[in-house]
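This report covers a two-chain structure, from the interface to the packing inside one chain. Please keep the sequence and the model in view while reading.

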Amino acid sequence: MIGQAVQVLVDAVSVGGLYALTALGIGLIFGVMRLINFAHAQLIMIAGYAVLLFFAQSAVLAVLGAVAGAVLLALVVERMAFRPLRGADPATLLIASFAVSFLIEKMMIMLVGSRPKGVDFLPMLAGQVEIAGVRLQLLQLVTILVSVVLLVATTWFLKSTRLGLEMRAAAENFRMAEVLGIRANRVIASAFAISGLLAAAVACLFVAQTGLVQPRMGLQLVIIAFVGTVIGGLGSLPGAAFGGFLVGVATILLEALLPPELRVFREAFLFVGVAVVLIFRPQGLIPARGLAGRI
Amino acid sequence: MTVPRDLTSPGGRLVELGGLVIRYGAIAAVQGVDLAIDAGEAVAIVGPNGAGKTSLLSAIAGIVRPSAGSIRIAGRPLAGIALSDVVREGVALVPEGRNIFGSLTVMENLRLGATPRRDASVSADIDRVFADFPILGERRDQPAGQLSGGEQQMLAIARAMLSRPRLLMLDEPSLGLAPNIVDKVYDILRQIRSQGVSLLLVEQNAARAFALADRACVMSRGVFTLAGTPAEIERHDAFDAAYFGVAMAKAGAA
């Protein structure tokens, strides 16, 4: 009984970690640009296909390919789609991100077809380990570990490097940051590169879990993670990560705790929970500070 | 009408505005302004709300691009300079409302002020800020948003000065501050001036600005209605009408 509870908990935390990483990638771009980037899903997707391309050679090559693919696509999208729209209002940016998202997805369907492809990525993590009498999936533990490492690394980067400081300043007041001499292109391109890196990590873990790659992958993750950034507090990075984590955990707990006949409605329960959070804390759980009074 | 005085100093022209027009859609906030500021000079622009003073500063800072006319910084046209490079030309801005980064620490705000600099003396300069303003030193690791209004103003000025500007522009530096704090702010501005930094000051508090400035301009509805030394302007009959007249009418209406 306790063993089962621990298993569900580990499952929940690992899924929460994936959503937290996704939400952090989305939140980073929203922070510096006020852009809700739905094309983040395609960063995950392209990284998934990079894994498909290279996993037979070596796992290391697959991970490197995923990172290179997602970071490159993120930079190309920023340069070609979003840089010309710099300073546009958030609604325009949102619609542009939908356009980019559809464009890449449809192009991928044209190129490789819409059928899912099986990937036996990281099969050595499919096994189970027994810790204190509880059998746990190795992959879930690795997912939790990678999530924690990346969250800590991103936090360190933002807190302790010059570029991270510039990104935080730009997130709070982009105009003032530029007045002080911070170069917008550098900060925004870096944010996109990091979001690509996070998307690649999510893709590797997700592909290892599901064993599938398809042009539509990533969309579900991004939509749920976006909900996470909203309840965490749009514009706040700790809020995004925490909100994403919370939503992921809630998804798994709902699946485990709901009576079987209600399980198909787990997303409905999730969104009721989200609505309740937003009624009581419309600014999110960890709201961003200092977003008012921008010059 | 506008009387831009030709006061070419040995330091040379730092800023030159010619026929500056700034439009926001159908509204013209600035409608043809000429202004020259020499190195080491302190110029005050006073006038009622909505006169176009903030737009003028925003244009010199590169935030707002003029619809017509020219801006030259040390002879170089501003039109070809990116917003983030204006500070590298020696122009620093303390905007209205200060715009410190409230979620960043005092220290981080100051480090951002030194963004254009590559030299090794940045941390020595920051230490000097902490020596001059012990309260900022005590709170160096606290979020700047927790500082009082006066402390935030000191931080905003210190942050701007860390770029080592030739021209420091301040938009309403006394706004919302207690009189004794305003005294302090103006003491600092006097010190900055004595280091040879030019000042361009926008104020509603004309008396304060005039006490500091070499020259003053009265701005109303997008144009300079008067220009001269502060003493000349205070003697001028039109000054009350152009400035206090409007301010008093407002106070009466409120």
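In this predicted model, 22 residues of chain B are in contact with 18 residues of chain A. Contact means that C-beta atoms, placed from the backbone, lie within 7 Å. On the chain B side, α2 (83-86) and α3 (106-113) of chain B each give two or more residues. The largest share, four residues, is from α3(B). Helices here are DSSP runs of H or I with at least four residues, strands are runs of E with at least two, and numbering starts at the N terminus. By class, this side of chain B holds 10 nonpolar, nine polar and three charged residues. Nonpolar covers Ala, Val, Leu, Ile, Met, Phe, Trp, Tyr, Cys and Pro; charged covers Asp, Glu, Lys and Arg; the others, Gly among them, are polar.

Residues are numbered from 1 along each chain as its sequence is written, while chains are lettered from A and ligands numbered from 1 in the order in which they are written. As the model is predicted, local features need pLDDT of at least 70 and side-chain atom pairs count only at pLDDT 80 or more, whereas totals for chains, interfaces and linings use all residues.

Chain A has 11 helices and four strands. Its radius of gyration is 19 Å, close to the 19 Å from the globule rule for 295 residues, so chain A is as compact as a globular protein of that length. The radius is taken over C-alpha atoms, and the rule is 2.2 Å times the number of residues to the power 0.38. Along the principal axes, the C-alpha atoms of chain A fill a box of roughly 60 × 45 × 35 Å. Of the 295 residues of chain A, 48% count as buried. Buried means 20 or more other C-beta atoms within 10 Å of a residue's own, exposed means 12 or fewer, and partly exposed lies in between; C-beta atoms are placed from the backbone.

The largest nonpolar core has 170 residues. Such a core is a set of buried Ala, Val, Leu, Ile, Met, Phe, Trp, Tyr and Cys residues joined through C-beta atoms within 7 Å. A:Val51, A:Ala70, A:Ala203 and B:Met169 touch the most other members. Helix α8 (residues 184-210) of chain A gives the largest share, 18 residues. Leaving aside residues up to four places away in sequence, A:Ala203 touches A:Ile44, A:Ala47, A:Gly48, A:Val51, A:Ala66 and A:Ala70.

The axes of α5(A) and α8(A) come within 10 Å and cross at roughly 175°. The two helices are therefore roughly antiparallel to each other; that label applies to angles over 145 degrees. Their contact residues divide into eight nonpolar, three polar and no charged.

Helix α6 (residues 162-172) of chain A is mostly covered, with eight of its 11 residues buried. Those buried residues pack against α1 (2-33), α5 (138-160), α7 (174-179) and α8 of chain A, together with α3 of chain B. A:Leu163 also belongs to α6 of chain A, but is partly exposed, with 15 other C-beta atoms within 10 Å. B:Ser103, in the loop between β6 (91-94) and α3 of chain B, is partly exposed with 19 C-beta neighbours inside 10 Å.

Two C-alpha to C-alpha separations follow.

| Pair | Apart in sequence | Apart in space |
|---|---|---|
| A:Leu163 and A:Phe271 | 108 residues | 36 Å |
| B:Ser103 and B:Ile181 | 78 residues | 24 Å |

Technical notes: Two residues are in contact if their C-beta atoms, placed from the backbone, lie within 7 Å. Axes are lines fitted to C-alpha atoms, for helices over the stretch in contact, and angles run from 0 to 180 degrees between N-to-C directions. Angles under 35 degrees count as roughly parallel, over 145 as roughly antiparallel, 65 to 115 as roughly perpendicular and the rest as oblique.
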